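I opened my notebook to look around one protein chain.

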Amino acid sequence: MRLNKYYLAAFSAFFIWGFFSLALKPLHNYPSLDILFYRVFFSVVTMLLINLCFRKKVLKKDWNQFKSMTAKQKRSVVVLTLGGGVFLSSNWFVFIYVMNHISVKAASLAYLICPILTTILAFFILKEKLSKWQWFAVLLSVFSCVLLSLNHFEDIFYSLITAATYALYIISQRKNSEMDKFLVLTIQLVFTALILIPFYPTYSGTLPTETLFYGCLSVIVVCFTIIPLFLNLYALKGINSSAVGIMIYINPIIGFLIAIFYYKEQVSVLQLFSYFLILVSIVVFNEKLLFPRKMKVVPSEIEGLK
């Protein structure tokens with residue numbers, strides 16, 4: 001296993017998401033549902049413009065590819081794409097609510113639980129194999145998350161919901177490999193927008209007029225939605241769900257540090273120890289990637305090459 005563009009894409013996506021609270025937290029006075037509405041609607045407009053202006057050839061190619069598929073393949077692509085849209089929008093809403101109304105640490109905890117769920121689901125659903133050391137890393141992560149949840153039952157409840165929705169999104173999109181990833185993401189967001197539009201007149205607040213809202217939302221749409229989501233989907237083309245799932249830890253570790261040093265949230269020695277164990281689990285899980293072994297060349301093999 002070697003470091004390649006797919007690992008770099010996954011790392012970049014979760015590194016970017018680690019700083020999400022910096023753009024989202026200033027909007028804590030706005031209802032979570034309003035933030036979700038505008039995030040989805042603005043993302044859809046942006047991605048449709050990109051596709052229609054710069055990616056017409058890709059659209060035509062993928063449409064012809066879709067038409068050439070069997071009925072079973074078409075059904076699979078449609079179900080996985082639209083189902084992914086449901087999982088993604090659910091994850092966004094819960095995450096926004098937790099970040100702005102529970103705590104930054106609770107939101108970070110969700111993405112500590114997510115790799116565990118992703119790895120286990122990938123093992124049972126996708127039949128992805130794990131080594132004994134990788135299973136040890138998963139168990140170490142479970143133990144760390146249990147420590148973090150002590151005396152924080154509300155946090156763990158919301159974190160589990162957030163983690164489950166994103167784990168299911170990763171698993172579903174690992175299997176959804178037939179179409180262009182940027183186009184898949186566009187369709188998912190359009191589908192999500194269509195689901196949300198009927199609820200907008202009833203459940204949205206007054207139209208925001210503050211420059212802060214639209215400034216932060218623009219950053220959220222471009223820097224924390226379109227770019228990292230595309231990188232995440234692209235990574236799933238070349239590495240398995242478990243590897244992508246374990247890299248999610250990059251996100252909450254950065255978020256946890258921001259919660260402590262920027263938002264001044266209180267942290268205990270137990271929590272610090274738990275995060276240290278998580279760092280160890282990341283190293284153990286990716287041991288082959290981080291410390292590649294040199295192949296031993298047998299003398300007889302050298303003779304055979306002459």
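These are my entries, from the whole chain down to single residues.

**Entry 1: the whole chain**

I noted at the start that this is a predicted model.

How many of the residues count as buried? I found 50% of the 306 residues. The chain exposes about 15800 Å², and carbon and sulfur atoms supply 71% of that area.

I checked the contacts too. Among those between residues at least 6 apart in sequence, 88% join residues at least 24 apart.

**Entry 2: the cores**

A reminder to myself: in soluble globular proteins, nonpolar side chains tend to be buried together. Here the largest nonpolar core has 84 residues. Which residues have the most contacts inside this core? They are Y166 and I239. Helix α11, residues 211-238, gives the most to the core, with 12 residues. Apart from this core lies another one of five residues, including F66, V77, M179 and V184.

I stayed with I239 for a moment and listed its partners. Leaving aside neighbours within four places in sequence, I239 is in contact with Y6, Y7, A10, R174, V244 and M247. I marked R174 in that list, to come back to in the next entry.

**Entry 3: the salt bridges**

Another reminder: side chains of opposite charge can pair when their charged atoms come close. I found two salt bridges in the structure.

One joins R55 and D180, with the closest N and O atoms 2.9 Å apart. R55 sits in the loop between α3 and α4, and D180 in the loop between α8 and α9, so this pair ties together parts that are 125 residues apart in sequence. Is R55 buried or exposed? R55 counts as buried, because its relative accessibility is 16%, under the 20% cut-off. D180 is partly exposed, at 22%.

R174, which I had marked as a contact of I239, forms a salt bridge with E128. Their closest N and O atoms are 3.7 Å apart. This pair also links distant parts of the chain: R174 is in helix α8, E128 is in the loop between α6 and α7, and they are 46 residues apart. R174 is partly exposed, with a relative accessible area of 26%, whereas E128 counts as buried at 9%.

**Entry 4: a loop residue**

The phi angle of K127 is near 60 degrees, a positive value in a residue other than glycine. K127 is exposed, because its relative accessible area is 57%, over the 50% cut-off.

Key:
Residues are numbered from 1 along each chain as its sequence is written. This is a predicted model: local features need pLDDT of at least 70, side-chain atom pairs count only at pLDDT 80 or more; totals for chains, interfaces and linings use all residues. Side-chain values use heavy atoms; hydrogens and water are left out. Buried means under 20% relative accessible area, exposed over 50%, partly exposed in between (1.4 Å probe, protein chains only). Contact means heavy atoms within 4.5 Å. Accessible areas come from the Shrake-Rupley method with a 1.4 Å probe; for residues, only the protein chains shown count as cover. A nonpolar core is a set of buried Ala, Val, Leu, Ile, Met, Phe, Trp, Tyr and Cys residues joined through side-chain atoms within 4.5 Å. Helices (H or I, at least four residues) and strands (E, at least two) are DSSP runs, numbered from the N terminus. A salt bridge is a side-chain nitrogen of Lys or Arg within 4 Å of a carboxyl oxygen of Asp or Glu.
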